[in-house]
Amino acid sequence: MRFKGFTALAIAALVLVSGCTSSKKPSPDATGGYDASPKALNIIAGTEQDAVVSTIVKPWCQSKGYQCNVTLKGSVDQARLLAGGSTDYDAYWFASSVFAQIGDQAGKLQDVKTMFLTPVVFAGWQSEMQKLGFAGRTDVSIGDILQAVESGKTKVWVTNPTQSNSGATVLFGFMNYFAGNGPGKALTQEQLDSAPVEDGITRFIKAMDQTPPSTGTMMDQCVAQPDACRTMFTYEDLVIEKNQELVKAGKEPLVVAYPRGSLAISDAPLGFLPHNNGADAGKKQILNELQDYLLKDGDAQAKLLKLGRRPATSVGLTLDNPDTAVFNPAWGIQATLNEQGIQYPSAPVIQAALDRYQTRYRRPVNAYYCLDGSGSMSGNGGWEGVKAAAHQVFDQDQAALNFLQSHPKDVTTVAIFNNNVAKGPWTVEGNDATALHGLTDDINGYSPGGGTNMYTCLRRAGDELAKPQTDDRKGLVVLMTDGQSETGQRDAALSALKSAGVPVVAIAFGSDADPSQLKEVASATGGAFVQQNDLVAALRQAAGYK
């Protein structure tokens with residue numbers, strides 16, 4: 001096993017961070033380019049590393065005269081690129097070893113080192129944690145948290161384990177608990193197949209109110225919707241960052257509890273990907289210098305601590321002389337954690353568990369896609385993007401690569417709108433691969449034309465999803481449009497969606513889309529707004545809400 005460190009370990013939009021220059025440089029994968037200079041390092045990092053990159057890595061690169069091009073992507077995208085043999089990057093910086101193991105089963109990465117440690121915590125509004133009896137306690141067990149979750153005492157969110165590292169670490173933490181494993185024992189395939197793990201994790205996942213596709217998205221949406229999101233599983237450092245914003249604004253902070261007995265830890269592994277050419281030596285030297293800086297330099301360590309990251313070189317999770325303005329005990333932050341993190345399973349077991357989340361553990365979904373098929377979609381490349389996205393989301397061979405497989409009890413509906421519902425709705429019940437591929441064929445066979453009225457499709461979706469659902473299905477509407485919509489049926493559509501209690505993931509494509517209309521729909525339904533010109537990424541992200 002290459003990834004050891006401390007442990008054994010939407011679709012988010014691509015964010016580019018310029019590592020060493022004041023102007024932003026397009027990311028390698030966005031342009032098809034690659035900086036081959038031995039004085040340049042092309043890094044792909046988890047979105048969780050944003051603050052570290054901008055405040056620590058970027059200034060260091062600049063001071064050393066290196067060209068560091070950093071692209072931030074989600075865990076699944078990183079794993080896919082590495083496993084698929086991408087040569088666009090010299091270094092991979094995962095949030096944790098869970099997805100690193102999946103991506104690097106061929107053992108391509110060299111000099112992999114843990115950069116810092118971040119526990120995954122159970123966090124909630126201070127008033128909610130007081131109500132649950134967790135505030136001020138240092139002995140909250142994983143059993144205590146499970147009881148609170150399954151009893152319905154609170155509304156709980158967790159990220160989709162197949163799309164986000166924080167959700168994956170929570171998944172394996174609770175699987176270890178149901179398997180009866182201590183911190184030093186990894187989940188085995190036999191245990192994964194066992195009834196206690198199967199039944200326990202299915203109950204646990206079905207108790208979640210929402211499963212957004214990324215940790216950053218979840219944090220933002222939870223803070224924006226405090227009535228809908230009362231508690232969540234997330235990273236300790238993100239709670240610290242968010243609390244600093246909340247307290248500054250005079251708002252109620254979040255309070256954390258650490259799941260004693262099954263504590264999951266993200267270890268931020270950073271490793272080098274050789275290209276087997278003359279530039280490797282120079283690029284590897286930059287990476288090794290960066291690793292040494294983050295692990296050994298006093299100034300870098302102080303900056304990491306200020307961001308709420310725990311040093312990988314510390315004794316366990318214990319901090320000496322912690323800054324209580326950061327590791328604030330009033331927020332439940334424990335500077336001393338005398339507990340070993342769980343041992344993550346082997347890559348095949350991780351792969352099997354994530355596949356089963358999609359097809360066995362999660363609640364089935366009645367997903368209704370409203371796709372803009374107006375005339376403008378043919379001139380701006382939008383419809384080609386929709387067709388490419390359909391292949392990724394509906395065709396089950398591709399969906400499996402994205403960990404977006406359909407559940408046997410899912411219901412998937414696609415409707416194309418212009419001035420009205422132009423084509424469809426087409427509905428597939430279950431996860432038959434041939435039937436789902438038919439949705440791709442239906443989309444491919446449509447030619448854009450006409451005006452834009454998204455509300456006609458939204459009203460039909462709301463009316464359909466308001467009907468009684470069997471098999472404990474939850475509803476989801478995915479809306480994509482590139483223009484300003486006519487407002488006929490607006491009130492009826494919003495009323496139908498609210499009555500159905502179904503969130504809308506509203507995607508704005510291109511510069512002509514009206515964010516205000518889409519934000520209104522998302523806000524009114526407890527959904528999410530996404531501004532994204534890469535429709536493959538956008539629709540994959542929306543599908544990640546399952």
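Me: Let's start with Val53. Is that residue buried or exposed?
Reply: Val53 is buried. Its relative accessibility is 1%, and the cut-off for buried is under 20%. Keep in mind that this is a predicted model.

Me: Which helix is Val53 found in?
Reply: Val53 is found in helix α2, which covers residues 50-64.

Me: How far is Val53 from Thr71?
Reply: Their C-alpha atoms are separated by 9.9 Å. Along the chain, Val53 and Thr71 are 18 residues apart.

Me: Zoom out for a second. How many helices and strands are in the protein chain?
Reply: The protein chain has 22 helices and 18 strands.

Me: And why call it as compact as a globular protein of that length?
Reply: Its radius of gyration is 23 Å. The globule rule gives 24 Å for 546 residues. The two values are close, so the chain is as compact as a globular protein of that length.

Me: What does the C-alpha trace span along its principal axes?
Reply: About 65 × 55 × 50 Å.

Me: What share of the residues is buried?
Reply: Buried residues make up 59% of the 546 in the chain.

Me: What about charges? How many are positive and how many negative?
Reply: There are 47 positive and 55 negative charges. The mean positions of the two sets are 2 Å apart.

Me: New topic: aromatics. How many aromatic pairs are there?
Reply: The count comes to 14 aromatic pairs. Take Phe174 and Phe178 as one example. Their ring centres are 6.5 Å apart and their planes meet at 40°. That angle lies between the 30 and 60 degree cut-offs, so this pair is tilted.

Me: Where do Phe174 and Phe178 lie?
Reply: Both lie in helix α7, residues 165-179. They are four residues apart, about one turn of the helix.

Me: How do the rings of Phe174 and Phe233 sit?
Reply: The ring centres of Phe174 and Phe233 are 5.7 Å apart. Their planes are at 85°, so the pair is edge-to-face.

Me: Which parts does that Phe174 and Phe233 pair tie together?
Reply: Phe174 lies in helix α7, while Phe233 lies in strand β8, residues 231-235. So the pair ties together parts that are 59 residues apart in sequence. Both residues are buried.

Me: Which residues form the aromatic cluster with them?
Reply: The cluster is formed by Phe122, Phe134, Phe174, Tyr177, Phe178, Phe204 and Phe233.

Me: Switching to Met480. Where is that one found?
Reply: Met480 is found in strand β16, residues 474-481. Its relative accessibility is 0%, so Met480 counts as buried.

Me: What does Met480 touch, leaving out residues up to four places away in sequence?
Reply: Met480 touches several residues, including Cys370, Leu371, Asp372 and Met377. Phe417, Phe509 and Leu535 are also among them.

Me: How far is Met480 from Gly373?
Reply: Their C-alpha atoms are separated by 9.5 Å. Along the chain, Met480 and Gly373 are 107 residues apart.

Me: What phi does Ala268 have?
Reply: Ala268 has a positive phi of about 45°, although it is not a glycine. Ala268 lies in the loop between β10 and β11. With a relative accessible area of 2%, Ala268 is buried.

Me: And what phi does Asn276 have?
Reply: Asn276 has a positive phi of about 55°, and it is not a glycine either. Asn276 lies in the loop between β11 and α12. Its relative accessible area is 71%, so Asn276 is exposed.

Me: Last one: Ala279. Where does it lie?
Reply: Ala279 lies in the loop between β11 and α12. At 11% relative accessibility, Ala279 is buried.

Me: Which residues does Ala279 touch, not counting those up to four places away in sequence?
Reply: Ala279 touches Ala36 and Pro38. The C-alpha atoms of Ala279 and Ser37 are separated by 6.4 Å. Along the chain, Ala279 and Ser37 are 242 residues apart.

Definitions and conventions. Residues numbered from 1 in each chain as written. Predicted model: local features only at pLDDT ≥ 70, side-chain atom pairs only at ≥ 80, totals over all residues. Heavy atoms only, no water. Helix = DSSP H or I, 4+ residues; strand = E, 2+ residues; numbered from the N terminus. Rg over C-alpha atoms; globule rule 2.2 N^0.38 Å. Buried < 20%, exposed > 50% of the residue type's maximum accessible area, 1.4 Å probe, protein only. Lys, Arg positive; Asp, Glu negative; His and termini not counted. Charge placed at Lys NZ, Arg CZ, Asp CG, Glu CD. Contact = heavy atoms within 4.5 Å. Phe/Tyr/Trp six-rings, centres within 6.5 Å; stacked < 30°, edge-to-face > 60°.
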